[in-house]
Amino acid sequence: MSDLDGPSCRATARRGDLATAFGRLHRTTEIPYGDRGHALVTEAVLRRCDPDAIELRRIVVESTVWVALRGPSDAPPAPLAWRRGLLWLRLGQSQWLLDQAVTYLSTRRSGDELLVNQQLVRADLADAATDHAVVEAYLDDPYATPDLHTVLTRTDRSLLRLLGGSGFLGDGPGQAAYLSELLADVYGGGPR
Amino acid sequence: MIKLDDRLATLRRHAHEWGRELRPYAMDLDADPAVPRALDSMAVRYLQRVLVPEDPLVVDGHRFDGVAALERVVVFEELCRGDAGVTLAAPGPSLSGVLIARLGDPAQREYFFSRVRQERLWTFFALTEPSGGSDAGGLSTDLSTVDETGNHRLNGVKRFVGSARRARLGTVFARTRPGPLGVIAVLVDAADPGFQAVPLPMIGLRGLEICAIDLTDVAVAPQHVLGRHLPPSARGLWSAVQTFNQLRPGVAAIALGIARAAVEYIRAERPGAHGTDLDRIERLESEVASVRQLIWAAAVAVDRNPRDGYLASAAKARAVRLAEEATLGALALLGPGARLDHPYLDKLARDARGVEFMEGTRHIQRLNASQGVINGRFAGRGTDRAGAPQPVAAGVADGPRRTGRRVPADGDADPDGTDGR
């Protein structure tokens, strides 16, 4: 993991290509496990690693199949550097979601006004961009460990609301955000 | 504080049991929404009869017809606490029933409700359009053309319409001319030529089988134009707004049911929680109780006056926020991998996102509530703006107020003390 390039992962995820971003993050033949032995990887990574693990479910995002696994009881958790890389990936995904929201809102109207010009909407866009800046600032500091996954999930939820019903479609941007939440759940989690 | 009278308290106890019957079907329906489930349950029996004239459900000697918003929110919370997906997948008059009860003339009501009575009938309610969401003022579905037989011709595209594939009858909002008076609703038979409904892949609330509808020259007989006996000002956009006011507390109750299911789930999973974890759970329980009161107050307000929908907007916005917070909070309390180890909780978190888009997003509701504040009509909680007590509606009475976060408010506890699953 020493060659892990977080900003590169972020840049790829920001283009909406989560699978490639995840591939950049994961270059070994070891499955990355969370603290409780779960994993969530692309089918390509799964084939490369061929782990001794139980498949729990599959999720399709933009034609890429992601597979959730439960590994052996002694599965070693993914290294901290890898987890930090995952945060870069989720940051890029959330920034992609912000880009999607701006594009969407710039074409939709309520009455005669573009939605992107409404104050409530603009406040949400500003908050999202600010959250992204906060996360990026912390990612530059290897010793800071606030719950950045929670910040990103909250930000994504706010952006999804701006996308209206289209953010709730299984073949739309909401599905990528759902995958991002699942990655946070497996590798970030919460207090136990 | 609002306290239910004996009649509604009885209904609530029974609805709790009806909701419990739905839970075992939840995950199967989520995986395969094309196959309806729980069709013989008491919940579905109730939902099939809501608003149907002369066919009330009698429970312990009380008659229930779903006419009052307060009755509907009491039931919806309990059923959606069982499972929102299964509840919303039920056949029955649903949203169109509220619209037709409000706008339909006697013949239209008889046509619609007699079919609901005679068969297991799903109905649809088509308002939202791809270009303008649920902004009724921005509708573009066209009903301006009248053919040589005198029928209107309906053309347009609707989106995010629940149960439309399985439905055989429903209502469509369309426009006969520009302006607010040009918006009307019509009865449409899904079997008519030119009507096509296609399910959309959804992240949550899959049981509802949300669809896109394509309408191409669908014939609408003049007698199926709702409110044709009313002046345009009484059947246009303003009337639609009043219908949405009546529906909105019910949507809030769906969100509350999801939130409560999540909170009860985490209570059952973490019986020994203490410290900050226990604080989090108790805070969520307290919010469930307070949002319930808000929803009940909103329902009482629209039952008194259908134009009084400001509190309903506030309740919907707050309930949806709680549903998101409760589901995400419960997952966080279970630690890493909770979404994989607790698929029902993962489903609740997905479902909670869906309620946001039903009947207007949070921003729309907040803007509506703020309008009530500005024009001095956001009374709420049975008081006017100056704080003077107002009489409560039939079916409710002032009850004793309890305070303190660790003491559940009236109506907060599981009616039979059972757990969340």
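Mentor: Start with A:Ala78. Neighbours within four places in sequence aside, A:Ala78 is in contact with A:Pro32, A:Tyr33 and A:Arg83. Keep in mind that this is a predicted model.

Trainee: Where does A:Ala78 lie?

Mentor: In a loop of chain A, between S3 and helix H4 (80–105).

Trainee: Does A:Ala78 count as buried or exposed, and why?

Mentor: Buried, because its relative accessibility is 7% and the cut-off for buried is under 20%.

Trainee: How far apart are A:Ala78 and A:Leu98 in space?

Mentor: The C-alpha to C-alpha distance is 28 Å. In sequence they are 20 residues apart.

Trainee: Switching to the sheet. What is the strand order in chain A?

Mentor: S1-S3-S2, three strands in an open sheet with antiparallel pairing. Strand S1 (38–42) and strand S2 (54–61) of chain A are the edges, each pairing on one side only. From one strand to the next, the twist averages 20°.

Trainee: How many bridges are there between S2(A) and strand S3?

Mentor: Seven, in the antiparallel sense, with S3 spanning residues 64–70 of chain A. S1(A) and S3(A) pair over five bridges, also antiparallel.

Trainee: Which residues stand opposite each other?

Mentor: A:Ile59 is opposite A:Trp66 in S3(A). A:Arg57 has A:Ala68 of S3(A) as its bridge partner. A:Leu40 also stands opposite A:Ala68.

Trainee: Now the cores. Which residues touch the most other members in the largest one?

Mentor: B:Trp18, B:Tyr46, B:Phe173, B:Ile254, B:Ile295, B:Leu345 and B:Val355, out of 110 residues in that nonpolar core. Helix H8 (residues 237–269) of chain B gives the largest share, 17 residues.

Trainee: What is B:Phe173 in contact with?

Mentor: Beyond four places in sequence, its contacts include B:Leu99, B:Phe125, B:Leu139, B:Ile184, B:Ala240 and B:Phe244. B:Thr141 and B:Lys158 are also among them.

Trainee: And what does the second core include?

Mentor: That one is separate and has 49 residues, among them A:Tyr33, A:Ala39, A:Leu179 and A:Tyr187.

Trainee: Last topic, the interface. How many residues does each chain put in?

Mentor: Chain A gives 39 residues and chain B gives 39 residues.

Trainee: What area is buried between chain A and chain B?

Mentor: About 3,200 Å², with 58% from carbon and sulfur atoms. On the chain A side, A:Arg157, A:Arg161 and A:Phe168 supply 25% of the area buried against chain B, more than any other three residues.

Trainee: How many salt bridges are there between chain A and chain B?

Mentor: Five. A:Arg70 and B:Asp341 meet in a salt bridge through their side chains, at 2.5 Å from N to O. A:Arg70 also belongs to strand S3 (residues 64–70) of chain A, so we are back at the sheet.

How values were computed:
Residues numbered from 1 in each chain as written. Chains lettered and ligands numbered in written order. Predicted model: local features only at pLDDT ≥ 70, side-chain atom pairs only at ≥ 80, totals over all residues. Heavy atoms only, no water. Core = buried A, V, L, I, M, F, W, Y, C linked by side-chain atoms within 4.5 Å. Buried < 20%, exposed > 50% of the residue type's maximum accessible area, 1.4 Å probe, protein only. Helix = DSSP H or I, 4+ residues; strand = E, 2+ residues; numbered from the N terminus. Contact = heavy atoms within 4.5 Å. Pairing = 2+ DSSP bridges. Axes fitted to C-alpha atoms, helices over the stretch in contact; angles between N-to-C directions. Buried area = accessible area lost by both parts, 1.4 Å probe. Salt bridge = Lys/Arg side-chain N within 4 Å of Asp/Glu carboxyl O.
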